[in-house]
Amino acid sequence: MTGRRTNRRDFLKTAAAGASAAMLPLPAIAQGTGGRVVVVGGGFAGTTCARFLKRIDPRINVTLVEASPTFTACPFSNLIIAGLRELAAQQFGYDKVAADHVTLDMAPATAVNAQGRSVTLSNGSQLAYDRLVLAPGVDLRWDGLPGYTEAAAERMPHAWKAGEQTLLLRRQLEAMEDGGTVVIVAPANPFRCPPGPYERASLIAWYLKTKKPKSKLLILDAKDAFSKQGLFQAAWKELYPNLEWVSLSKGGKVNSVDVGAMTLVTDFGRHKADVANVIPPQKAGRIAELAGAADRTGWCPIDPATFESKLQPNIHVIGDASIAGAMPKSAFAANAQAKVCAAAVAKLLAGGKPDEPRLINTCYSIVAPDYGISVANVYGPADGQIKDLGGGVSEANAPSTTRAAEAIFANGWFKTITAEVFG
Ligand SMILES: Cc1cc2nc3c(=O)[nH]c(=O)nc-3n(C[C@H](O)[C@H](O)[C@H](O)COP(=O)(O)OP(=O)(O)OC[C@H]3O[C@@H](n4cnc5c(N)ncnc54)[C@H](O)[C@@H]3O)c2cc1C
């Protein structure tokens, strides 16, 4: 015999190493497959992630779970309220996603077994996964504003999930007499689309100015500051003298609503509305909570490089549902996060180390049909968070040609992102 005799200590070492290797799951690639990824939520984040996973590694078995066969996009839905756009322009199907060899399961996900790594759907199917990506967007907190229930939203629409609610708010504005008062209730941070309430206010003010000039618009706000504030306020001063913004410190925070009396109640008084648009507090879509990925805030803490949940291993959370540090809850951010997450998941399945990402967000707001403004920033992980690495807003006091050009860029942005995600 030429080989060294194995002594007891060597044997135990080898046996222990073998045992721990056997207990560790092998990377999917070592098993000769790409692995199984289930993505829940076919909006901006989830659909992007599913398609990019397939593009990065076609061997990955990707299933996209979505509750509705038609997606209705929120960006640009404020134009519908002002009568400048139709709902059909916001709606997209999933044919092209299926053509990319993503398996579609069109039913709501109702439960997640994080230990057993499976997702249950309302149709009874059980989907096993190696990695799960949750992208359910937001749910409205029906317990977040006393008096504001799902039934109340039929009288005082939120229109914060595009669709029937958007059309309801438009019909109410159309039915209002000239000389009426419209009230928008804006929530405290964090919420979906930080500039959204102010874009909406601008476009409703444009509608009133052009169709019902004796009417007034009041924004009751639970904040003292908001996104692109200087630009919005300069535009309002120039274009919309009948628009008033009431900040938190001036008594703008609405504490309850009285739907029967069409009244918004603050510490400083009661505001009667002819049309009330109440945007209530929000939280991550319910499935995130059911998966154990949401914390006490209602949102989902994540690793800033991989978007893996800080609460549940092998589950990633992207888009509005995640706590993405300095990144706003926007469709652009959701799309950027989805690409980073897809790359990280593919690397992790292959047993590799994800790269440190850079993310971008640009948010356009339409203040009038020929008046656009924007904010653009770059983000990256630092100190366990996603930090803002630089950027800024549109130039102040820019000429009208610049504002008109930004309105055109905004249109281009919507076409590009929806073509990338659903086309
Ligand atoms: C009025 C308004 C204007 C906006 N304007 C802009 C803008 O100009 N630019 C911009 O970048 N962003 C804008 N946004 C924000 C943007 O709409 C969101 O940030 C974006 O939709 C977030 O993407 P998401 O994928 O996280 O969620 P969503 O796009 O909402 O997608 C979530 C999907 O998950 C599905 N889902 C949820 N739960 C389940 C479940 N249990 N099972 C199966 N499916 C499920 C839902 O049906 C939905 O399709 C605006 C928002 C509003 C309200």
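Author: The C-alpha centres of domain 1 and domain 2 lie 31 Å apart. The assignment for the protein chain gives 30–140 + 283–354 as domain 1 and 152–280 as domain 2; such bounds come from an automatic or database domain assignment. To the contact, domain 1 brings 22 residues and domain 2 brings 24 residues, where contact means heavy atoms within 4.5 Å.

This is a predicted model, in which local features need pLDDT of at least 70 and side-chain atom pairs count only at pLDDT 80 or more, while totals for chains, interfaces and linings use all residues. Residues are numbered from 1 along each chain as its sequence is written, and side-chain values use heavy atoms, with hydrogens and water left out.

The size of an interface is often given as the accessible area lost when the parts come together. Between domain 1 and domain 2 the buried area is about 2000 Å², and carbon and sulfur atoms give 67% of that. Buried area here is the accessible area (1.4 Å probe) that two parts lose on being put together, summed over both. On the side of domain 1, Asn78, Ile81 and Leu140 lose the most area to domain 2, and together they account for 35% of what that side buries.

The rule finds three salt bridges across the interface of domain 1 and domain 2, a salt bridge being a side-chain nitrogen of Lys or Arg within 4 Å of a carboxyl oxygen of Asp or Glu. Arg170 forms a salt bridge with Glu86, and their closest N and O atoms are 3.1 Å apart.

Two or more residues on the side of domain 1 that touches domain 2 come from each of α3 (77–81) and β10 (138–140). The largest share of that side, five residues, is given by α3. Helices (H or I, at least four residues) and strands (E, at least two) are DSSP runs, numbered from the N terminus.

Elsewhere, the loop between β11 (181–186) and α6 (196–211) holds Pro190, and Cys193 is found in that loop between β11 and α6 as well. Most residues other than glycine have a negative phi, and most peptide bonds are trans. The peptide bond from Asn189 to Pro190 is cis, with omega near -10°, and Cys193, although not a glycine, has a positive phi of about 60°.

The count of salt bridges comes to 17. One of them joins Asp100 to Arg51, with the closest N and O atoms 2.8 Å apart. Asp100 lies in the loop between α4 (95–99) and β5 (103–105) and Arg51 in helix α2 (residues 44–56), so this pair ties together parts that are 49 residues apart in sequence.
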